[in-house]
Amino acid sequence: SNITLSEVLEEHKEAITDIASECSGSQECLANLVTADDGGNMCVWKSGEEFQLLNKIPGFEYDPILLAGYGTGQIRLYEAVTGILHAEVNAHARWIYSVDIAPFSGLVSCIDQTSPIRFTPEVEQTPTI
């Protein structure tokens, strides 16, 4: 096989659920790997000859949020733990099939039954709930 273990990283105490790799938006590519676990914890890494932990973001430091699209054409922002509705946007006239937040711009993109993509105003990256 062509795969060789180069280093064991032991920052997560719970099962890793996601790994993403992309430059942080700058030419230097300061951070290029993020790992996340079952507890909502995230680690930001710089890979290279040796991995360097740049930041460890604790899970659920603030109440997690849910962004949901509905058949009414509305997008709603809920506090995940309590279910409290914090925002509601009348975004489309028909069913919303997909909702996502763009990582660099903070724009919410959504697709409905008949139209292509619509972008709504920026969503605060770390909401105050």
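Tutor: Start with exposure. Buried means under 20% relative accessible area, exposed means over 50%, and partly exposed lies in between, with a 1.4 Å probe and protein chains only. By that rule Glu88 is partly exposed, because its relative accessibility is 43%.

Student: What kind of model is this, and how are residues numbered?

Tutor: This is a predicted model, where local features need pLDDT of at least 70 and side-chain atom pairs count only at pLDDT 80 or more, while totals for chains, interfaces and linings use all residues. Residues are numbered from 1 along each chain as its sequence is written, and side-chain values use heavy atoms, with hydrogens and water left out.

Student: How many helices and strands does the protein have?

Tutor: Zero helices and ten strands. Both are DSSP runs, numbered from the N terminus: helices are H or I with at least four residues, strands are E with at least two. Read from the N terminus, the order is β-β-β-β-β-β-β-β-β-β. Buried residues make up 23% of the 129 residues.

Student: What makes Glu88 and Arg76 a salt bridge?

Tutor: The closest N and O atoms of Glu88 and Arg76 are 2.7 Å apart. A salt bridge needs a side-chain nitrogen of Lys or Arg within 4 Å of a carboxyl oxygen of Asp or Glu. The pair therefore qualifies. Glu88 sits in strand β7 and Arg76 in strand β6, so the pair ties together parts twelve residues apart in sequence.

Student: Is Arg76 buried or exposed?

Tutor: Arg76 is buried, because its relative accessible area is 18%.

Student: How many salt bridges are there by this rule?

Tutor: Two. The side chains of Glu11 and Lys56 also meet in one, at 3.7 Å from N to O. This pair links distant parts of the chain: Glu11 is in the segment before β1, Lys56 is in strand β4, and they are 45 residues apart.

Student: Why are Glu11 and Lys56 called partly exposed?

Tutor: Glu11 counts as partly exposed because its relative accessibility is 27%. Lys56 gets that label because its relative accessible area is 39%.

Student: What makes Lys13 exposed?

Tutor: Its value. Lys13 has a relative accessible area of 73%, so it is called exposed. Lys13 lies in the segment before β1, which spans 16-20. The C-alpha atoms of Lys13 and Gly39 are separated by 8.7 Å, with the two residues 26 apart along the chain.

Student: How do you know that β2 and β3 pair?

Tutor: Count bridges. Strands pair if DSSP finds at least two bridges between them. Four bridges join β2 (residues 33-37) to β3, and these strands run antiparallel. Thr35 has Cys43 in β3 as its bridge partner. β2 and β3 form a hairpin with four residues between them, and Gly40 in the turn has a positive phi of about 85 degrees.

Student: What joins β3 to β4?

Tutor: Five bridges, between β3 (residues 42-46) and β4 (residues 52-57), again antiparallel. Met42 stands opposite Ile57 in β4. This hairpin has five residues between its strands.

Student: Which residues make the nonpolar surface patch?

Tutor: Val34, Met42 and Ile57 make a patch of about 190 Å². Patch residues have over 30% relative accessible area and no salt bridge; like charges are joined within 9 Å, nonpolar side chains (Val, Leu, Ile, Met, Phe, Trp, Tyr) within 5 Å. Areas come from the Shrake-Rupley method. Ile57 is partly exposed, because its relative accessible area is 32%.

Student: What makes β5 and β7 edge strands?

Tutor: Three strands form an open sheet in the order β5-β6-β7, with antiparallel pairing. β5 (65-69) and β7 (85-90) each pair on one side only. Five bridges join β5 to β6 (residues 74-79). Among the partners, Ile65 meets Glu79 in β6.

Student: Are Cys43 and Cys110 buried or exposed?

Tutor: Cys43 is buried, because its relative accessible area is 0%. Cys110 is also buried, because its value is 1%.

Technical notes
Areas by Shrake-Rupley, 256 points an atom, 1.4 Å probe, with all protein chains shown as cover.
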